[in-house]
Amino acid sequence: MADTMQGLKRTHYCGTVTPEMIGREVVVCGWAQKTRDMGTLVFIDLRDRTGIVQLAFDDKTDPAVLTKAQRVRAEYVLMARGVLRQRESVNHEIPTGEVEVYVTELRVLAESNTPPFAISDDSKGVKEELRLKYRYLDLRRPEMQSAIAMRHRIVKVARDYYDTNGFLEIETPVLIKSTPEGARDYLVPSRVQQGKFYALPQSPQLYKQILMCSGFDRYMQIARCFRDEDLRADRQPEFTQIDVEMSFIDEEDIMAMNEGFMKRVFKEVLGKELETPFRRIKYRDAMDNYGIDKPDTRFDLRLHDLSEILKNTGFAVFSGAIAGGGSVRGINAKGAAEKLSRKEIDKLTDFVKTYRAKGLAYTRWTHEGRSSSFEKFLTEEEIAGIHKALDAEEGDLLLIVADAKNEVVYDALGQLRNHLAQKLGLIEPGTFDLLWVTEFPLFEYSEEEGRYMAKHHPFTCPMLEDLDMIESDPGHCRARAYDMVMNGCEVGGGSIRINTMELQERMLVALGFTPESAEERFGFLLEAFRYGAPPHGGMAFGLDRLVMLLLGKESIKEVIAFPKVQNASELMSGCPAEVEDKSLAELAIKVDLPQE
């Protein structure tokens with residue numbers, strides 16, 4: 001039978017004991033990290049969420065206590081009382097390495113099976129599936145505990161910062177009306193009103209705008225959000241936003257307020273100073289220079305438009321793309337010619353094909369001369385024009401994509417640019433680069449839907465100088481929208497909202513809504529607008545992504561306590577799972593699975 005805690009209370013966490021406390025009696029609790037049994041000399045590393053302290057036993061220890069210590073195995077749950085003393089051999093690898101607890105009383109509160117993997121920061125040899133199946137063990141690892149603790153600190157900074165600036169934290173519903181516009185909703189059937197469904201919120205968007213109409217001019221919330229979409233490294237079906245909305249403001253107010261939040265996060269969580277205001281890049285410039293609307297500017301590798309040079313070329317791959325309404329663009333990987341072999345360049349061609357590019361033209365200029373996949377098809381004048389535009393010289397690798405659709409050229413080269421930066425080591429570790437991208441398109445055309453869709457959402461306000469283009473030229477209409485970008489990832493985004501019924505109705509008509517369909521989807525918000533809506537706007541930070549970037553992780557699964565995997569299942573609990581027929585009957589639901 002396991003010992004109990006009766007009569008003992010923890011006095012200190014393992015990682016908080018210091019040399020200044022030598023000679024004092026302490027009581028510590030935790031898990032046995034490892035044991036070293038040398039007969040009458042036994043050492044146990046005891047671990048809790050603050051760190052590790054060594055427990056020591058010797059031939060002067062009570063024989064019953066020593067015997068108990070000799071039986072301890074990894075992950076046993078222990079409570080130990082003893083006197084803190086100086087260690088004979090100092091361990092400089094841990095903060096408590098100068099001291100140890102000379103144990104007078106040891107209690108085994110729970111025994112443990114041999115864990116399927118070691119509880120250590122080195123998880124490289126452990127499959128992710130195994131870590132997630134035994135997530136309660138994985139979460140014991142100091143690396144994971146540190147990540148969850150940082151997440152907590154960021155949330156605390158958010159609450160403190162926005163409270164100091166006059167924001168109220170207001171909870172919005174989790175069971176809401178489905179207003180499909182973007183990703184798929186997660187639907188929840190109603191037992192009381194059979195045949196009807198709630199949706200889980202993709203964001204609190206409509207409710208926070210309602211709050212602005214209600215007179216709560218500064219709102220924030222640590223909001224849980226849900227989107228039924230395919231997973232990737234920085235996306236989960238359920239995620240958390242730091243959600244903010246303000247009234248009687250403009251873009252400058254929102255940007256300044258949220259730069260202040262990031263400045264405080266960096267100061268209090270990382271001990272780093274951020275310079276504000278952040279740089280701003282217009283969407284169009286971001287696409288032209290970096291091929292992507294969330295550019296990583298810690299390195300150069302800019303895109304260059306070669307279309308004017310090549311519009312009349314006899315090489316049909318280039319001229320055909322330009323004639324078809326697209327472009328020819330290239331990047332110069334400075335000094336990469338000697339670093340990348342022809343075989344590796346072929347792999348780059350395969351890489352851009354995953355982004356719909358038909359191929360990758362290249363010129364590799366080494367000390368032996370130039371080898372190129374396309375220059376033999378061009379005139380000397382055209383070659384010289386490309387070299388000048390790309391500032392080419394010996395040692396450089398020129399990479400060019402052509403397509404009749406500019407979005408393909410941008411996407412392929414933008415992703416290639418990021419890929420090369422990693423491959424060539426162009427990013428200095430530990431650096432942070434924050435900027436704003438502004439003036440996004442208000443609309444984007446959907447080939448699948450055959451109509452214009454809202455780039456952000458239907459309540460985003462157009463740039464005032466573009467109001468006349470909503471009906472006449474929607475493709476060139478810009479939004480009062482902005483994204484905060486960190487190291488090539490969008491960490492937050494938002495917009496100034498529409499607050500007049502006249503403009504809102506024009507926007508909905510442009511998006512293809514009839515008065516009836518607009519009322520069906522957004523009626524409660526439109527009704528609120530009829531009673532006087534203040535000018536308002538806001539943004540939301542992706543908390544999971546923010547923590548991931550600050551810790552330098554590759555996946556948000558590393559900063560979420562219980563994440564989902566690629567097929568949206570949670571391996572530890574086994575959800576989603578089938579439910580009893582009785583539960584389905586209460587909901588008037590019949591499951592009709594397709595035949596395999």
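Tutor: Here is a walk along the sheet, then into the core. This is a predicted model, where local features need pLDDT of at least 70, side-chain atom pairs count only at pLDDT 80 or more, and totals for chains, interfaces and linings use all residues. Residues are numbered from 1 along each chain as its sequence is written, and side-chain values use heavy atoms, leaving out hydrogens and water.

The sheet is open and mixed, with eight strands running β6-β9-β10-β22-β21-β20-β17-β11. Strands here are DSSP E runs of at least two residues, helices are H or I runs of at least four, both numbered from the N terminus, and two strands pair if DSSP finds at least two bridges between them. At the edges, pairing on one side only, sit β6 (168–169) and β11 (279–282). β6 runs parallel to β9 (residues 218–226), with two bridges, and Leu168 faces Tyr219 of β9. Over by β11, helix α7 (residues 283–290) packs on the sheet, touching β11 and β17 (434–438), and its direction makes about 85° with that of β11. Contact means heavy atoms within 4.5 Å; axes are lines fitted to C-alpha atoms, for helices over the stretch in contact, with angles from 0 to 180 degrees between N-to-C directions.

Now the core. Ile242 touches, among others, Ile154, Tyr162, Met220, Ile222 and Phe261, leaving aside residues up to four places away in sequence. Ile242 is also one of the residues with the most contacts inside the largest nonpolar core, which has 104 residues. Such a core is a set of buried (under 20% relative accessible area, 1.4 Å probe, protein chains only) Ala, Val, Leu, Ile, Met, Phe, Trp, Tyr and Cys residues joined through side-chain atoms within 4.5 Å. A second, separate core of 25 residues includes Leu55 and Val99.

Key: Buried means under 20% relative accessible area, exposed over 50%, partly exposed in between (1.4 Å probe, protein chains only).
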